[in-house]
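Dear colleague,

Please find the structure below, followed by an account of what was found in it.

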Amino acid sequence: MKNIRPKMWIIIEREYMTRVRKKSFIVMTILMPLLFIGLSVGTVFLARIGEGKERIIQVIDHTGEYFAVLKNDGQYRFTEDAVESPYACLVITGDLLENPKAVSLLSEYHIAAEAENLINSQLNDYLRNKKLSSYNIANIREIIRDSRININLKGEKFGSADASSSKQAISSTETASAVGMIFTFLIYLFIMIYGNMVLHGVMEEKTNRIVEIIISSVKPFDLMIGKLIGIGLVGITQFGVWVTFVALLSTSATIPGNSLFPAGIAGSLADVGLMRLCLFFVLFFVGGYMIYASFFAAIGAVINSAEDSQQYITPITILIVFAFFAGSYGAQNPDGPFAFWASLIPFTSPIVMMIRLPFGVPWPELLLSVVLLFATVIATVRLAAKIYLTGVLMYGKKPTWGELARWLRY
Amino acid sequence: MHGWVGAPPVTFQNMCFLETIDVVKKYSGHTALDKVSIKVPENSVFGLLGPNGAGKTTLIRIINRITAPDAGAVLFHGIPSQPEDVYRIGYLPEERGLYRKMRAGEQAVYLARLKGLTAKEATARLKELFHRFDIIAWWNRRLEELSKGMQQKVQFITAIAHRPELLIFDEPFSGFDPLNAELIKNEILRLKSEGKTIIFSTHNMASVEELCDEIALIDHAKAVLSGGVAEIRSRFRQDIFRLKTENETLVSDDSLCKIIDRSKYCGAYFFRVKKHPAINNAEFITRIVKDNRILTFEEEIPSMNDVFIQTVNGAKDDEKY
């Protein structure tokens, strides 16, 4: 037996090296972060397009009182003159203090919310002041300004604060859910991409018939596991490269003049516990990937051509996509019962846990989830190995579900 | 897992390299092998013959430990096959295939390492073999860039690189042009001269006569015929003789032989006759020579092709009635 285990390392080495050296891998690994940055910058840029163009709002003011109140801002200009084609028409038919509904904004277009807000706030301010003046109380504005007490609510997490350190870990809800969503999406993407890589790797070996030569020297189980581990390591490598990339960028953010990463973001990323999150990402990726990739390996062994694959892949894909949506839904209420259960069930937990982690998950829950996940990994790998063993040498017709069930009992 | 049940048989001190004893393999719905026993002598070329789907590949896979038999045993030198035995076997499957995107040399090294060589050993040996097969220039090329013949050479090389004692070639000549087929044939003979044992399955009966010492014919999951090639061919003799005479007529009668065919060529007359089964060869010669001027006299030994067709068709006829 002593000669057998090292064979798995040879297989892992090949699976890993051939993929990591591929041009497409290198390009993807370098390009993805750039693409990501490009997309976020691009979105901001796109949102600003059109802001430069001035929009004219024609005011028809029957009272003659309000036009003077309306101030132009950079984008909207108010005018009483007749205009050829105004963006919108503001019609004021009566005293707004007596009848607040005597104003309407008409347009051929869908009116931008900011235009409405602009008009609303200006008219409201004016009307409030007018009303206050009508009470004839001296210094009323000062009194009101005095009585205005601002409560600034900030979410703080119990237990996350280290009592001995004066700097409390503040988990800003927005940063937490943004980071959570990024990681949820990333783990979903990784499981899909690398799961499919396993599917194609197994299918290639089978349709190539090289599998027959390989399993005349290695146990099919070792070949399957070697492939799963090799490809999984490729995924971890890619993630590692990206994390290093982000880490370098965010440390360089402390250097003045770096505009890409404002220091504030780097700070709140540290609050969320980015490194801890990355470690859990790898842990849950390994678990989730092993479960889904072993399904994919079994499917690759069963089918004879890519055309056959759909029937078997669809249920698996639905499961992963469901997990992704469970994660997105969980972002609304990361401590709610849905997110709780979905982060324990092994088929969804790797993805859903990513959204919960930035908010902090109690250790016992985390531990339970990891244990359940890896117990399921062992079970699915075993089942997949059985199907793989029989399927990989079977050519001709694709097996029915009944036959697959029989293979499991061998 | 499917080890030998009960005591292994006492094998007499023959030179049997490999033996299968009553190997049975059933797939859902059909029996692929039904108590197949073959004996492959050491340092010989053993032909595994049979029509398509007879069970040859299944037997080869069982010998290779790719699949396990449902019953029966595979013995190497009389000892039940062990997992480590796979390193003693070199295998060229019928359905060829390698990683298309991987470089030829790298790929060969990978497969040799899986057969137990270190990377260094494998590289040295394979470079030598690539030289001998005249494909060293393609060492760093992706497999898909190679012609089909060259791919086959790479595959053949990977089967022999770890210098196994037993080589199993499933249809080794398919896909090779006559030139390369000759190369492979010479390689097989060279391997034999080095003391290796070779099992090869083929449909090319001419190559069986040329290369094989012994054969086994598998038909409908059973080993229906086995033994030495010369012995089997003479076992299938039909008592047909070819005679070359000076005279236009052959003086004989039906109690001696029946004339099947006659022809004239370059002033000589040729007869194919079927000897009466009751008469032995010596008596037949004396009687035929007494009455005729015989120039040559030759018994027609059936080719392996005839043996194959007769055996397989005979089984079909048996099935019908």
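Is A:Thr79 buried or exposed? A:Thr79 is buried, because its relative accessible area is 8% (buried means under 20%, exposed over 50%, partly exposed in between, with a 1.4 Å probe and protein chains only).

The model is predicted: local features need pLDDT of at least 70, side-chain atom pairs count only at pLDDT 80 or more, and totals for chains, interfaces and linings use all residues. Residues are numbered from 1 along each chain as its sequence is written, chains are lettered from A in the order in which they are written, and side-chain values use heavy atoms, without hydrogens and water.

A:Thr79 belongs to strand 2 (residues 76-79) of chain A (a strand is a DSSP run of E, at least two residues, and a helix one of H or I, at least four, numbered from the N terminus). Its side chain reaches the backbone nitrogen of A:Asp81 at 3.1 Å. Leaving aside residues up to four places away in sequence, A:Thr79 touches A:Ile56, A:Ile57, A:Gln58, A:Val59 and A:Phe67 (contact means heavy atoms within 4.5 Å).

Chain A is divided into domain 1 (55-143) and domain 2 (171-408), with bounds from an automatic or database domain assignment. The C-alpha centres of these two domains lie 55 Å apart.

The lining of the largest cavity includes A:Ile213, A:Ser216 and B:Tyr91 (on a 1 Å grid over the protein atoms alone, a cavity is a set of points where a 1.4 Å probe fits but cannot get out, and lining residues have an atom within 4 Å of a point). Helix 2 (104-114) and helix 4 (148-160) of chain B each supply at least two of the lining residues.

With kind regards

Note on methods: 1 Å grid on protein atoms, 1.4 Å probe; cavity = no way out; pocket = protein on both sides within 12 Å on 5 of 7 lines; lining within 4 Å. Polar contact = N/O pair within 3.5 Å; in protein donor to acceptor, adjacent residues only side chain to side chain.
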